[in-house]
Amino acid sequence: MVQPLFNKRILIVEDEPVFRSVLVGYLESLGAQTTEASNGLLGLIAVDEVDPDLILCDIAMPEMDGIEFVAHLRLQGVQVPILVISATDKMADIAKVLRLGVQDVLLKPITDLNRLRETVLACLYPNMFTSQAIEEAELIQDWDALSQNPSEAVRLVKQLQPPVQQIVAGCRINYRQLTTSENPGLVLDIAALSDKDLAFYCLDVTQAGENGVMAALLLRALFNGLLQEHLANQQHRLPQMSALLKQVNQLLRQGRLEGQFPLLVGYYHAEYKNLVLVSAGLHANVNTEDKQIQLSNGVPLGTLNTTYMNQISQRCEAWQCQVWGRGGRLRLMLSAE
């Protein structure tokens, strides 16, 4: 009998013993070596002990839930593939784990074990699944319903905006935003990639109508995972942001989202004090301790098959970035703690 998971170490972090037992039995029948943990705290211990090839985890668990568990692993630089299996009906929770870079999300109850098998294999062998990124996007709960309900999509985009003040990767960040209407204009997202670096992007959703809002949700779900994967394959300290934007442009086309999507993407490494900014369609000014730099806007994503963008790289301990486009203005400020 072919065992596609032969000798693969899989950690199952799940508080429901019956469902955990079902997963163990099925995965071991496929050749896997399994380890069990009933909550996120025990899961962290197990990760250190067994060095798994794949982690399956729930979201709602006692002691430490799945979102905290995944966030802790990613902040520690642990890039092991993670498959979330949950009964949640909260789109925001699914968006959070996707943005933390999990490979996939399955919803309980799982009635098709073949689907579970295919998903586990896709997580372990991503190069065998060329449409993986789009499949991840389609896993957003009620994606089709959101596409048909623009007001709900707008509400969700607003709900997912980051707090105006926070500490990320050892840096103090705050921002101010001015939009021209009640609808989203410039959509911002900021997140830590580890305890030493962070990424952010600003998307103007006004030039693509309803597709602009859906593009914001797509980026929210996939951007951090794409950048984490990109950094893992880099031999240099700083990522090639232009390559990342080309990948985003391709995902927008594969997702059949038509329109113009002005986008600014940034990366900051708190230890090396390096700021990288790349713009495809948004104007930006950057003020550091001793310099003022203007970043020209380039061509919005979605306009052409290829990407035309502008990029700067600057060493600084503190900076302000003013961004503007048709959707309004935004000022983002950062200082190292």
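What is the volume of the largest cavity, please?

Author: The largest cavity has a volume of about 60 Å³. A word on the model before the details: it is predicted, local features need pLDDT of at least 70, side-chain atom pairs count only at pLDDT 80 or more, and totals for chains, interfaces and linings use all residues. Residues are numbered from 1 along each chain as its sequence is written, and side-chain values use heavy atoms, with hydrogens and water left out.

The idea behind the search is simple: rolling a probe the size of a water molecule over the atoms shows where empty space is left. Here a 1 Å grid is laid over the protein atoms alone, and a cavity is a set of points where a 1.4 Å probe fits but cannot get out. A pocket is an open set with protein on both sides within 12 Å along at least five of seven lines, and a lining residue has an atom within 4 Å of a point. Points are joined across faces, edges and corners, and a volume is the space filled by probe spheres set on the points. By this rule there are three cavities of 30 Å³ or more.

Around the largest cavity you will find Val157, Leu160, Gln161, Val187, Leu188, Asp189, Tyr201, Ala216, Leu217 and Arg220. Strand 8 and helix 9 are the elements that give two or more residues to this lining. Helices (H or I, at least four residues) and strands (E, at least two) are DSSP runs, numbered from the N terminus. By class, the lining of the largest cavity has seven nonpolar residues, one polar and two charged. In this scheme Ala, Val, Leu, Ile, Met, Phe, Trp, Tyr, Cys and Pro are nonpolar, Asp, Glu, Lys and Arg are charged, and the others, Gly among them, are polar.

Helix 9 turns up again at the second largest cavity, where it gives the most to the lining, with six residues. Helix 10 (241–254) also supplies at least two residues there. This second largest cavity holds about 50 Å³, and its lining consists of Ala215, Leu218, Leu219, Leu222, Phe223, Leu226, Val248, Leu251 and Leu252. The class count for that lining is nine nonpolar, no polar and no charged.

Now for an open space. The second largest pocket has about 400 Å³. It is lined by 21 residues, and the closest to its centre are Arg99, Leu100, Ile190, Ala191 and Ala192. Strand 8 (186–192) and helix 9 (210–232) each supply at least two residues of this lining too, as do helix 3 (66–75), helix 4 (91–99) and strand 6 (165–168). Helix 3 gives the most, with four residues. The pocket lining divides into 14 nonpolar, three polar and four charged residues.

For the setting, the protein has ten helices and 16 strands. Of its 337 residues, 53% count as buried, that is, under 20% relative accessible area with a 1.4 Å probe, protein chains only. The accessible surface, from the Shrake-Rupley method with a 1.4 Å probe, comes to about 15500 Å², of which 46% belongs to carbon and sulfur atoms. Among contacts (heavy atoms within 4.5 Å) with a separation of 6 or more, 66% come from residues 24 or more positions apart.

Technical notes: Buried means under 20% relative accessible area, exposed over 50%, partly exposed in between (1.4 Å probe, protein chains only).
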